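Work through the following exercises with the model open beside you, trying each task before reading its solution.

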Amino acid sequence: MWLNTTASSFLLTGFPDMEEAHHWISIPLLVVYFSILLGNGTLLFLIRDDHNLHEPMYYFLAMLAATDLGVTLTTMPTVLGTLWLNHREIGRGACFSQAYFIHTLSIVESGVLLAMAYDRFIAICNPLRYTSILTNTRVMKIGMGVLTRAGLSIMPLIIRLHWFPYCGSHVLSHAFCLHQDVIKLACADITFNRLYPVVVVFAMVLLDCLIIFFSYILILKTAMGIASGGERAKALNTCISHICCILVFYVTVVGLTFIHRFGKHAPLVVHITMSYIYFLFPPFMNPVIYSIKTKQIQSGIIRLFSLPHSRA
């Protein structure tokens with residue numbers, strides 16, 4: 001179907017040629033979505049409710065959980081609507097807004113992981129000044145800086161989407177709106193929208209990754225200088241959860257990039273599945289990682305879910 005330049009909506013796509021299985025596919029996705037909401041919601045509640053967790057490390061973890069919840073709540077309605085109810089139509093304004101939040105929150109997640117690396121760097125390399133450097137006010141400023149950087153960097157891309165005429169097919173290839181998906185449907189000069197995301201990725205995500213890498217080199221160097229083996233292990237142990245979250249996030253980023261750049265001949269279902277992994281795997285794994293590796297979080301969960309008679 002071909003539309004004129006006044007087309008006001010797009011059509012979302014689930015899994016092509018698997019429409020009869022959409023209801024069955026939506027069941028595990030619903031379970032994953034529910035697990036993400038429960039896991040990250042629990043982390044946020046614990047950090048707010050437990051005074052033992054009112055520390056910079058856990059404030060940054062709360063930012064990570066809030067970001068993961070944001071990504072999930074942004075994609076969940078259209079994914080389940082498409083797969084479960086076959087409700088595929090989405091207005092241009094809603095589509096562009098969804099794309100804005102999806103891409104902004106991806107940059108936010110990278111920035112929060114960088115902030116968490118900075119927290120671990122100060123805690124291990126400059127422990128005596130940790131509380132004076134990472135005050136509540138400074139943590140809040142870092143959080144606002146991460147959010148502002150992401151929001152402003154994505155805005156030029158999304159604003160331009162409103163200007164483009166869409167005179168071709170209005171069928172998107174995912175059950176949610178992505179910038180790179182939408183611009184394929186524009187019949188205009190999209191050179192800026194093709195080049196600018198590359199600049200954003202290199203200037204932010206890749207730079208964040210490099211700074212995190214060098215931070216951990218300094219952390220490892222400092223930790224190796226600690227005379228006591230027990231203290232050295234304790235210092236490094238506080239970094240394990242963060243390192244696991246970094247690997248989960250950046251491995252999925254690299255995987256998605258690799259598929260899009262070099263898997264042009266791969267079946268469309270592979271691209272779609274990789275997109276779901278990118279948006280669902282980190283939010284699903286982050287609460288699991290911190291619940292397993294962080295004793296304070298474990299203790300909080302036990303207190304939260306223990307029955308009244310078991311507390312007596």
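**Exercise 1.** Determine whether Asp50 is buried or exposed, and find which side chain meets that of Asp50 in a salt bridge.

*Solution.* Step one is accessibility: Asp50 has a relative accessible area of 11% and is therefore buried, where buried means under 20% relative accessible area, exposed over 50%, and partly exposed in between, computed with a 1.4 Å probe on protein chains only. This is a predicted model, in which local features need pLDDT of at least 70 and side-chain atom pairs count only at pLDDT 80 or more, whereas totals for chains, interfaces and linings use all residues. Residues are numbered from 1 along each chain as its sequence is written, and side-chain values use heavy atoms, with hydrogens and water left out.

Step two is the partner: the side chains of Asp50 and Arg303 meet in a salt bridge with an N to O distance of 2.2 Å, a salt bridge being a side-chain nitrogen of Lys or Arg within 4 Å of a carboxyl oxygen of Asp or Glu. Step three places the pair: Arg303 lies in helix 10 (residues 295–305) and Asp50 in the loop between helix 1 (22–49) and helix 2 (56–85), so the bridge ties together parts that are 253 residues apart in sequence. Helices here are DSSP runs (H or I, at least four residues), as strands are (E, at least two), numbered from the N terminus. Arg303, at 40% relative accessibility, counts as partly exposed.

**Exercise 2.** State how many salt bridges a search of the whole structure finds, and describe the one formed by Asp208.

*Solution.* The search finds 3 salt bridges. Asp208 pairs with Arg149, the closest N and O atoms being 2.8 Å apart; since Asp208 lies in helix 7 and Arg149 in helix 5, the pair ties together parts that are 59 residues apart in sequence. Asp208 is buried at a relative accessible area of 2%, while Arg149 is partly exposed at 26%. Another of these bridges joins the side chains of Arg120 and Asp119 (2.8 Å, N to O), and both of these residues are buried.

**Exercise 3.** Find which residues line the largest cavity, and sort them by class.

*Solution.* A cavity is a set of points, on a 1 Å grid over the protein atoms alone, where a 1.4 Å probe fits but cannot get out, and lining residues have an atom within 4 Å of a point. The largest cavity is lined by Val71, Leu105, Ser106, Glu109, Phe249, Tyr278, Phe279, Pro282 and Pro283. Helix 9 gives the most to this lining, with 4 residues. By class, the lining divides into 7 nonpolar, 1 polar and 1 charged, where Ala, Val, Leu, Ile, Met, Phe, Trp, Tyr, Cys and Pro count as nonpolar, Asp, Glu, Lys and Arg as charged, and the others, Gly among them, as polar.

Terms used. 1 Å grid on protein atoms, 1.4 Å probe; cavity = no way out; pocket = protein on both sides within 12 Å on 5 of 7 lines; lining within 4 Å.
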